[in-house]
Amino acid sequence: MTKDKGAGTGARPDPSLREVVLRDMRQTGIPGRFARELEDLYHFYLDEERRDRLASMGWLKRGVLFYGWLFRSLLMKLTPARRLALLAALLLVLLRRMHLSLPGLDLVLYVWVLGVALLIIVLMLELKDKLLARDEIEIARQVQLALLPRRHPRPDGWSVWSYTRPANDVGGDLVDYLEMEGRLGIAIGDVAGKGLGAALLMAKLQATLRAVAPEIPSLEALGDRLNTILLRDGLENRYATLFYLEIAPESGRLRYLNAGHNPPFALRASGIETMDAASPPVGMLGSARFVEQSLELAPGEMLVAYSDGVTEARDARDQELGAERLRGIAAGLQGLSAGEAGARLLAEIERFIGEARLQDDLSLLVVARSAPLITRPS
């Protein structure tokens with residue numbers, strides 16, 4: 001025998017529609033969130049070329065073309081059956097009613113009711129697809145979260161901190177640690193694109209890096225190997241930038257491979273030093289050559305690496321954070337631990353973004369050389 005839902009279990013029954021609507025009405029910030037969703041709609045249905053063309057037009061022409069392009073883009077994204085159903089629904093709504101004359105009978109059919117019903121059916125079908133896709137993406141999200149490092153390593157003489165946040169449910173940024181015998185590998189990468197496809201390629205890159213890095217002592221050879229595997233097994237027009245570094249505990253020297261990634265920078269007592277990429281992204285070119293580079297950090301100095309989702313983040317006024325602003329935020333963090341510096345950086349970045357939505361995955365990495373402890377005479 002099965003129990004009724006919630007019987008004897010203390011479970012709260014599902015809320016009624018009235019309760020849900022009243023709860024929605026009590027929420028604050030809904031107009032702002034709806035405005036941001038309308039902006040997302042604008043960017044989703046109109047490509048950058050059309051948005052630029054609209055911006056240069058007068059208000060009347062812009063209004064006519066805007067709704068025309070928006071409607072065409074909507075129709076093109078529907079399946080054939082739903083496209084025809086939507087067109088039929090709009091036609092019926094515009095007709096409003098039809099007269100049907102038969103021998104001895106004169107009927108007025110309010111066809112707009114059928115049009116509204118068709119619109120609701122198309123909406124329900126699209127919502128069904130979205131909910132099914134959301135369930136699958138949620139599983140992918142849980143898998144991706146399981147692949148993230150569970151703790152920050154603590155090598156002697158160093159502190160390490162990292163953070164990643166996808167723009168959508170799943171992301172294409174890579175942040176990982178590889179604890180190997182006598183050395184620690186740290187990676188931050190960015191797969192071209194966003195969403196599920198980028199997330200799958202990121203998982204492929206992470207698995208490949210974990211498999212081959214412990215066996216390949218040379219970073220040039222590591223870049224070659226990653227490039228070969230991604231070209232062989234990856235997707236067309238999909239590649240990844242990668243900044244991979246290795247540090248030896250109790251040493252101030254680190255070596256790194258910058259494969260097309262945003263230039264990290266070192267915070268030194270004398271200023272900020274930019275570490276430009278010397279290698280192309282992995283998975284892009286079969287003839288690519290990869291170069292190992294090195295850096296020496298003194299006690300109290302640190303390295304900051306980031307994905308382009310950081311520098312391309314925009315605030316509510318559509319201003320970009322930019323690399324120079326990021327360096328300005330980071331200035332003066334020398335001497336802090338990686339965790340302290342990372343937390344301050346992230347807080348300032350989030351303060352800049354405010355309520356604006358992320359346009360790309362955001363990832364940060366901080367590696368700091370520990371300052372020597374000063375012992376005072378007793």
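1. The crossing of helices H10 and H11 is right-handed; a crossing is called right-handed if the near helix is turned clockwise from the far one by less than a right angle, and left-handed if anticlockwise. Helices here are DSSP runs of H or I with at least four residues, strands are E runs of at least two, and both are numbered from the N terminus. The model is a predicted one, in which local features need pLDDT of at least 70 and side-chain atom pairs count only at pLDDT 80 or more, while totals for chains, interfaces and linings use all residues. Residues are numbered from 1 along each chain as its sequence is written, and side-chain values use heavy atoms, with hydrogens and water left out.

2. The axes of H10 and helix H11 (residues 338–353) come within 10 Å and cross at roughly 135°. This angle makes H10 oblique to H11. Axes are lines fitted to C-alpha atoms, for helices over the stretch in contact, and angles run from 0 to 180 degrees between N-to-C directions. Angles under 35 degrees count as roughly parallel, over 145 as roughly antiparallel, 65 to 115 as roughly perpendicular, and the rest as oblique.

3. On the H10 side, the contact (heavy atoms within 4.5 Å) involves Arg325, Leu326, Ile329 and Ala330, which meet Leu345, Glu348, Ile349 and Phe352 of H11. By class, the residues of this contact divide into six nonpolar, no polar and two charged. Ala, Val, Leu, Ile, Met, Phe, Trp, Tyr, Cys and Pro count as nonpolar, Asp, Glu, Lys and Arg as charged, and the others, Gly among them, as polar.

4. Both helices also lie on strands. H10 lies across S8, S9 and strand S11 (302–306), running at about 30° to S8. H11 lies across S3, S11 and strand S12 (362–369), with an angle of about 150° to S12.

5. These strands belong to an open sheet of five, ordered S3-S12-S11-S8-S9 with antiparallel pairing; two strands pair if DSSP finds at least two bridges between them. Strand S3 (158–165) and strand S9 (271–274) are the edge strands, each pairing on one side only. Neighbouring strands of this sheet are turned by 15° against each other on average, direction ignored.

6. The pairings can be followed bridge by bridge. Strand S8 (residues 265–268) and S9 pair in the antiparallel sense over four bridges, and Arg268 has Gly271 in S9 as its bridge partner. S8 and S11 run antiparallel and are joined by three bridges; here Ala266 has Leu303 in S11 as its bridge partner. Five bridges join S11 to S12, again antiparallel, and Ala305 is bridged to Leu365 in S12.

7. S11 is mostly covered: five of its five residues are buried, a term that means under 20% relative accessible area, against over 50% for exposed and partly exposed in between (1.4 Å probe, protein chains only). In a regular strand the side chains alternate between the two faces of the sheet. In S11, Met302, Val304 and Tyr306 point one way and Leu303 and Ala305 the other way, and all are buried.

8. A further open sheet has five strands in the order S4-S5-S6-S7-S10, with antiparallel pairing. Strand S4 (173–180) and strand S10 (293–296) stand at its edges; each has a single partner strand, so one side of each is left without a neighbour in the sheet. The twist averages 20° from one strand to the next. Within this sheet, strand S6 (residues 240–247) and strand S7 (residues 253–259) pair in the antiparallel sense over six bridges, with Asn258 in S7 as the bridge partner of Phe243. Helix H7 (residues 195–212) lies across S4, strand S5 (183–191) and S6, running at about 15° to S4.

9. Ile229 is placed in helix H8 (residues 219–233). With 6% relative accessibility, Ile229 counts as buried. The C-alpha atoms of Ile229 and Thr208 are separated by 8.0 Å, although these residues are 21 residues apart along the chain.

10. Two backbone points deserve mention. Arg96 has a positive phi of about 70° although it is not a glycine; this residue is in the loop between helix H5 (80–95) and strand S1 (98–102). Arg96 is exposed, with a relative accessible area of 58%. Asp318, likewise not a glycine, has a positive phi of about 70° and lies in the loop between helix H9 (308–311) and helix H10 (322–330).
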